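Come along while I look things up, one item at a time.

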2 protein chains.
Amino acid sequence: MRPTTKDLAKAAGVSLATVDRVLNDRTGVKKRTVDKVNEAIEKMGFVRNLSAANLARRKNYRFLFLLPRTGDQFLDELIARVDEAKSAFAADMVTAEVSQIDDNHPHRIAKILSGLDPEDVNGVAIMAPESPQVRDAMLRLAERGIHAVPFISGQPGTAGEDFVGIDNHAAGATAGRLMGRFAGANGGKILAIAETMQSRGSLERRLGFDEVMTADFPPLQVLPSLETYGDPKRTERIVSNSFANHPDIVGVYVLSSEARGPLEAVAGAGGNADTIVIAHERTPFTECALLSGQIDAVIAQNPGHLVRSAIRILRAWSDQREPLASQERIRIEILLKENL
Amino acid sequence: MRPTTKDLAKAAGVSLATVDRVLNDRTGVKKRTVDKVNEAIEKMGFVRNLSAANLARRKNYRFLFLLPRTGDQFLDELIARVDEAKSAFAADMVTAEVSQIDDNHPHRIAKILSGLDPEDVNGVAIMAPESPQVRDAMLRLAERGIHAVPFISGQPGTAGEDFVGIDNHAAGATAGRLMGRFAGANGGKILAIAETMQSRGSLERRLGFDEVMTADFPPLQVLPSLETYGDPKRTERIVSNSFANHPDIVGVYVLSSEARGPLEAVAGAGGNADTIVIAHERTPFTECALLSGQIDAVIAQNPGHLVRSAIRILRAWSDQREPLASQERIRIEILLKENL
DNA sequence: CATTTATTGAAGTACGCACCTCAGAAATGT
DNA sequence: ACATTTCTGAGGTGCGTACTTCAATAAATG
């Protein structure tokens with residue numbers, strides 16, 4: 001049978017009250033007594049029964065996912081996963097809500113963050129472009145006892161090591177390796193398309209992509225990134241321009257999670273079945289396109305993992321525990337039609 | 001605030017005792033009353049506080065991982081992950097032990113299973129070759145209230161849908177696709193090496209591999225599988241024979257999780273840096289080999305996920321819950337040196 | 001040594017639920 | 001109408017921990 005606090009008290013030769021004081025970092029215990037208790041904990045391998053503790057504390061975990069509001073399928077998927085996690089974690093006293101921000105200007109987000117009440121929320125996962133204001137707001141949140149973790153889009157340097165998402169540089173490099181191998185050594189040009197290159201994520205992906213391409217596949221030349229700004233007309237125009245100017249395009253790399261627009265433009269502009277296409281994120285569209293052969297490979301991060309990882313990290317924070325690092329590293333998945 | 005059993009009782013117009021009878025499937029409640037309570041549960045969205053319930057029940061989860069005893073690095077990794085999971089789940093009253101079986105004959109395993117005491121163990125994850133005896137033993141375990149889940153090596157048809165591991169056919173197909181694309185369209189022969197082709201896993205992988213190769217890469221010819229039987233001398237002999245007989249080998253596919261032996265033999269037998277090598281499972285060796293370029297891609301299943309998934313599934317069984325299917329599907333990972 | 005101050009212990013309540021007992025109430029059969 | 005049988009409610013105890021109160025003791029101070 002597992003030792004309880006009572007056993008601990010007996011073993012350490014102190015009372016339950018003292019054990020409690022030590023376990024919960026309360027004041028008014030001599031250092032020597034603290035040590036005595038800790039030794040006993042060590043010796044008998046005492047592990048606090050979190051369920052009982054949380055029960056007694058009447059604790060419940062209320063987490064918030066702050067997401068942007070785009071029509072992106074990847075985002076839909078994320079929201080669906082939060083919903084799923086909500087019921088999966090319900091028995092563990094975890095509740096999670098999604099709040100979508102119409103306008104993702106840094107000061108708007110910062111304002112929302114500063115308006116959060118520790119009574120309502122004890123953890124936030126934030127998907128927002130990097131910015132000093134948001135970073136600041138997150139630090140101030142932490143001071144008020146609300147833990148925040150950057151989600152997918154990073155606020156590097158905030159909240160220590162915690163970050164839920166992939167290493168975009170490595171993701172780009174992975175895409176580069178696949179592109180290089182798939183597109184062959186015969187040479188040709190590669191088109192890179194992003195919604196915007198303002199975002200840190202896209203920049204890093206491009207960087208990683210280029211590194212591999214120049215180092216290992218010099219015959220392939222990557223063209224300057226096209227930016228669609230989410231505008232279908234513009235997308236069509238710039239893509240067909242590119243194909244007109246570069247008849248030797250052999251591959252297309254879509255950096256952003258919204259791949260449908262760019263790929264429709266590519267199809268209309270002269271991309272054919274031989275054009276190697278690599279995109280990001282698993283969505284209904286990329287799944288279909290993989291199966292049909294329109295896309296050759298997808299670099300993805302698992303939305304379910306992302307959401308659950310965020311929840312586990314926030315819960316660990318909330319319990320003053322360390323999250324299990326090896327579980328929380330989000331993998332860069334490579335999807336082919338065979339391993340969907 | 002979340003509704004408690006007390007709230008439920010009030011809402012349903014019955015007493016706490018009756019709510020308890022319904023919640024725990026006890027006898028002696030009229031059907032109409034049961035319905036009344038269930039309606040109330042539905043209406044107020046009552047969710048049992050599992051922590052409190054388990055506390056009251058003095059419940060703890062004791063799980064066992066039955067693994068073979070080979071020197072395999074993949075297995076070492078698995079064991080390390082069980083150990084890790086042990087401490088990670090300790091606060092949730094989960095304990096997990098590993099038991100390695102020297103002799104993995106079906107009847108030996110069946111015997112071990114039948115000797116398990118429901119008092120000591122309430123769930124088992126079993127990694128063992130498919131066999132009717134083991135399957136039977138698992139069914140009989142279930143009757144005694146010990147839930148068993150096939151782990152990595154499958155006992156298809158046992159324990160319903162539960163299976164912790166990847167679809168080996170798809171894994172082989174994935175390997176095939178990569179081999180086809182990496183090895184190029186110039187043609188050549190592909191060497192397939194397995195420890196043994198007796199195992200269902202290897203067979204399925206080979207099948208999936210062949211399907212893709214014949215369908216999409218006809219210029220590449222896959223040679224009959226070599227079986228090493230884990231014997232270094234034999235491995236060296238048959239591999240160098242193959243290279244001697246087929247000077248046009250352009251790729252090697254190692255089907256089993258132990259890749260070191262086969263690859264050393266390949267290196268000694270004439271494989272060069274251009275030979276495309278695809279192997280299974282992430283181990284210290286395959287990691288190194290990926291980074292050095294000796295291996296071009298690894299098809300893997302995440303050991304940490306495997307272990308935790310098994311634990312979650314066993315726990316769900318134990319709580320009479322359904323596991324969250326989407327979380328428990330083990331992904332077929334593709335590892336390149338960029339996304340390690 | 002007296003007094004203050006810092007530690008410690010004893011004893012209790014509560015958390016949400018499981019499980020037990022026993023006494024009534026309600027439904028059923030005769 | 002009566003005896004059964006089947007349901008139901010009231011009330012209690014305990015799970016392992018948190019947190020509180022108050023008294024008792026030990027240690028530090030002057």
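My entries below go from the whole chain to the pair, then to the DNA strands and a few local spots.

**Ground rules**

I am reading a predicted model, where local features need pLDDT of at least 70, side-chain atom pairs count only at pLDDT 80 or more, and totals for chains, interfaces and linings use all residues. Residues are numbered from 1 along each chain as its sequence is written, while chains are lettered from A and ligands numbered from 1 in the order in which they are written.

**Entry 1: chain A as a whole**

I started with the secondary structure and found 14 helices and eleven strands in chain A. Helices (H or I, at least four residues) and strands (E, at least two) are DSSP runs, numbered from the N terminus. The C-alpha trace of chain A spans about 85 × 40 × 30 Å along its principal axes.

Next I looked up burial: 45% of the 340 residues of chain A count as buried. A residue is buried if 20 or more other C-beta atoms lie within 10 Å of its own, exposed if 12 or fewer, and partly exposed in between, with C-beta atoms placed from the backbone.

I also checked the contacts, where two residues are in contact if their C-beta atoms, placed from the backbone, lie within 7 Å. Among contacts in chain A with a separation of 6 or more, 72% join residues 24 or more positions apart.

**Entry 2: how the two chains meet**

How many residues of chain A are in contact with chain B? I found 33 residues of chain A in contact with 33 residues of chain B. On the chain A side, two or more residues each come from α4, α5 (73–88), α8 (168–183), α13 (303–318), α14 (325–328) and β11 (333–335). The most come from α8(A), which gives six residues.

I sorted this side of chain A by class and got 16 nonpolar, eight polar and nine charged residues. Here Ala, Val, Leu, Ile, Met, Phe, Trp, Tyr, Cys and Pro count as nonpolar, Asp, Glu, Lys and Arg as charged, and the others, Gly among them, as polar.

**Entry 3: the symmetry**

I laid chain A on chain B: a turn of 180° and a shift of 0.0 Å along the axis give an RMSD of 0.1 Å. The two copies are thus related as by a two-fold rotation axis. In chain A, Ser51(A) has the C-alpha nearest the axis, 2.4 Å from it. The same surface serves both copies, as 100% of the contact residues of chain A recur in chain B. The superposition is by least squares on the C-alpha atoms of residues with pLDDT of at least 70 in both copies.

**Entry 4: the DNA strands**

I count a residue as near a strand if its C-beta atom, placed from the backbone, lies within 6 Å of it. Around DNA strand C there are 24 residues, and the closest are Ser15(A), Thr18(A), Thr33(A), Thr4(B) and Ala56(B). Which helix gives the most to this surface near DNA strand C? My note says α4(B), with five residues. By class, the surface near DNA strand C has eleven nonpolar, eight polar and five charged residues.

DNA strand D has 24 residues around it too, of which Thr4(A), Ala56(A), Ser15(B), Thr33(B) and Ala56(B) come nearest. At least two residues each come from α2 (16–23) and α4 (50–57) of chain A and from α2 (16–23) and α4 (50–57) of chain B. For DNA strand D, α4(A) gives the most, with five residues.

**Entry 5: a helix pair in chain B**

I picked α6 (residues 106–114) and α7 (residues 132–143) of chain B, whose axes come within 8 Å and cross at roughly 5°. That makes α6(B) roughly parallel to α7(B), since angles under 35 degrees count as such. Among the residues that meet are Ile109(B) and Leu113(B) in α6(B), and Val134(B) and Leu141(B) in α7(B). This contact divides into eight nonpolar, three polar and two charged residues.

**Entry 6: two single residues**

Ile112(A) lies in helix α6 of chain A. With 18 other C-beta atoms within 10 Å, Ile112(A) is partly exposed. Leaving out residues up to four places away in sequence, Ile112(A) touches Leu66(A) and Ile101(A).

Most residues other than glycine have a negative phi. Phi of Glu281(A), however, is near 75°, a positive value. I found Glu281(A) in the loop between β9 (276–280) and α12 (284–292) of chain A. Is Glu281(A) buried or exposed? Glu281(A) is buried, with 25 other C-beta atoms within 10 Å.

Definitions and conventions: Axes fitted to C-alpha atoms, helices over the stretch in contact; angles between N-to-C directions. Parallel < 35°, antiparallel > 145°, perpendicular 65-115°, else oblique.
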